[in-house]
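Please take a look at the protein shown here.

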Amino acid sequence: MVELTDQFRGHKIKVGRLIGKIEGKKEGPSMIFTGGIHGNEPSGVFAIREVIEEISRNKIKVRGNIYGISGNLKALGKGHRYEKYDLNRLWTKKKIESLLNDVQKEPAQDIIEQKEILTEIRKILNEDNGPFYFFDLHTTSSETNPFLTVNDCLANRKFAELFPVPMILGIEEYLEGPLLSYINELGYVAFGFEGGSHGDKSSVDNHKAFILLALVHAGMIKRKSFNYYKYYDQLAKTSFDSHEIFEIFYRFQVFDNSKFKMKPGFVNFQKIKQGTILAKYNGERIKAEENARIFMPLYQNQGDDGFFLIRKVSPFFLKLSEKLRTLKVDKILPVLPGVKWHNKEKDTLEVNTTIAKFFAKRFFHLLGFRAIILGENKYLMKNREKAVRSKDYKNEKFFQ
């Protein structure tokens, strides 16, 4: 249990692992919100608590169950991103197995926190009937409008399209071990919502708006139970790109944070030209290699993601992508030169780039594949659609 102070509203709350829970009187979905996975991002925790208290106080009818789970409690209490390990980089298959088998001796505090979170999640999955929705609430170190980070499977994309904020695809290709990638591997709808910057007083309000809209879109509460359009408009007005979809195509990785210095003044989604000086690392100037938009520039003293570059995805590409995935065109890919199945499950392709030189990663992205290992002459492409529990969502309105 830790005590957190909302620096903008001035009130204090005490938070344990379970921020709050509402059991609806009618059977329905289970929606799980996580906040504070990074300890310097508490606004999601405040928003979850506020929404749960308002729903209870106003006796709003709920279909299904709502859960709020806190992230790195120890780091939240200190206002640090993490203690020793980034809690949002620990959710790999290997690390989860190690966690469940109690392999670690004298584990770090961040790993103790991870195990407690995993215990809560597994308990919900075992006791509830679903369908399940997972949303992770974050803020950024740079100035930003709200946006969604989405692992690109059709179920995620269809639900994310209901929100009036930009959607970013493909971040899972550049990060190892995020919580939501683990949840997506289990087959559930799960994506992240970035409500603003760490120091922006509107971040809590934006998180609150997202939570309420998510509950409505999943049919768990009715629009008329609160001022739906007030919260919808609140998010819609934050960005000129409110219904645009972008994909990440470049990440600048930082191995020594003390040697990285982002050039001041960059904001999320800002257009930059080729040759623009973006940062300094190891005394060298880092320039943009092409025209793009900058995404999540690093303005804090912890973290290894210096910045990302993104570009818009055309509506034609998205429609074609949906059609090809629905037709399961991926089944014929191994007939292409230099392409073969990597495993018996047929959810991962092995691509020899010296032979399949004409098939760029964007071609495989079209069909729902994302690179998980890059090598000199090959990469592995994992199909995000294979894991999705489509049958769980077949009766959900958004999935029709």
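The text below starts with the sheet and then turns to side chains. The model is predicted.

**The sheet**

Start with the overall layout. An open sheet is built from 11 strands. Their order is β3-β5-β4-β6-β9-β7-β8-β10-β16-β15-β12, and the pairing is mixed. Which strands stand at the edges? They are β3 (18-23) and β12 (271-272). Each has a single partner strand, so one side of each is left without a neighbour in the sheet.

What holds such strands together? Strands of a sheet pair through backbone hydrogen bonds, either parallel or antiparallel. Strand β4 (residues 26-35) and β6 run parallel, joined by six bridges. Within that pairing, Gly35 has Leu137 in β6 as its bridge partner.

Strand β7 (residues 147-150) has two pairings to follow. With strand β9 (residues 189-197), β7 runs antiparallel over three bridges. There, Leu148 stands opposite Phe193 in β9. With strand β8 (residues 167-169), β7 pairs in the parallel sense, again over three bridges. Thr149 has Ile168 in β8 as its bridge partner. Between β7 and β8 the chain passes through helix α5 (residues 154-160), and this β-α-β crossover is right-handed.

Now look at the two faces of β7. In a regular strand the side chains alternate between the two faces of the sheet. On one side of β7 are Phe147 and Thr149. On the other are Leu148 and Val150. All four are buried, and both faces of the strand are covered.

**Aromatic rings**

How many aromatic pairs does a search of the whole structure find? It finds 38. One of them joins Phe135 and Phe210 edge-to-face, at 5.4 Å centre to centre and with 85° between the planes. Phe135 lies in strand β6 (residues 132-140) and Phe210 in helix α7 (residues 203-217), so the pair ties together parts that are 75 residues apart in sequence. Phe135 is buried, at a relative accessible area of 1%. Phe210 is buried too, at 0%.

Both rings belong to a cluster linked by ring pairs. Other members include Phe33, Tyr133, Phe193 and Phe399.

The table lists two cases.

| Charged residue | Ring | Distance to ring centre |
|---|---|---|
| Lys158 | Phe399 | 5.0 Å |
| Arg223 | Tyr228 | 4.3 Å |

Arg157 is in helix α5. Is Arg157 buried or exposed? Its relative accessibility is 3%, so Arg157 counts as buried. Its side chain makes a polar contact of 3.1 Å with that of Asp152. Beyond residues up to four places away in sequence, Arg157 touches Val150, Asp152, Met167, Leu318, Ser321, Glu322 and Arg325. Val150 is also one of the buried residues of β7.

Thr92 sits in the loop between α2 (73-78) and α3 (93-100). Its relative accessibility is 14%. The cut-off for buried is under 20%, so Thr92 counts as buried. A polar atom of the Thr92 side chain lies 3.2 Å from the backbone nitrogen of Lys95. Setting aside neighbours within four places in sequence, Thr92 is in contact with Glu176 and Gly177. The C-alpha atoms of Thr92 and Leu118 are separated by 12 Å, and these residues are 26 apart along the chain.

Key
Residues are numbered from 1 along each chain as its sequence is written. This is a predicted model: local features need pLDDT of at least 70, side-chain atom pairs count only at pLDDT 80 or more; totals for chains, interfaces and linings use all residues. Side-chain values use heavy atoms; hydrogens and water are left out. Rings of Phe, Tyr and Trp (its six-membered ring) pair if their centres lie within 6.5 Å; planes under 30 degrees apart count as stacked, over 60 as edge-to-face and the rest as tilted. Buried means under 20% relative accessible area, exposed over 50%, partly exposed in between (1.4 Å probe, protein chains only). A charge sits over a ring if NZ of Lys or CZ of Arg is within 6 Å of the ring centre and within 35 degrees of the ring normal. Contact means heavy atoms within 4.5 Å. A polar contact is a pair of N or O atoms within 3.5 Å; within protein, one must be able to donate a hydrogen and the other to accept it, and residues adjacent in sequence count only if both atoms are side-chain atoms. Two strands pair if DSSP finds at least two bridges between them. A crossover is right-handed if, with the strands pointing away from the viewer, the path from the first strand over the helix to the second runs clockwise.
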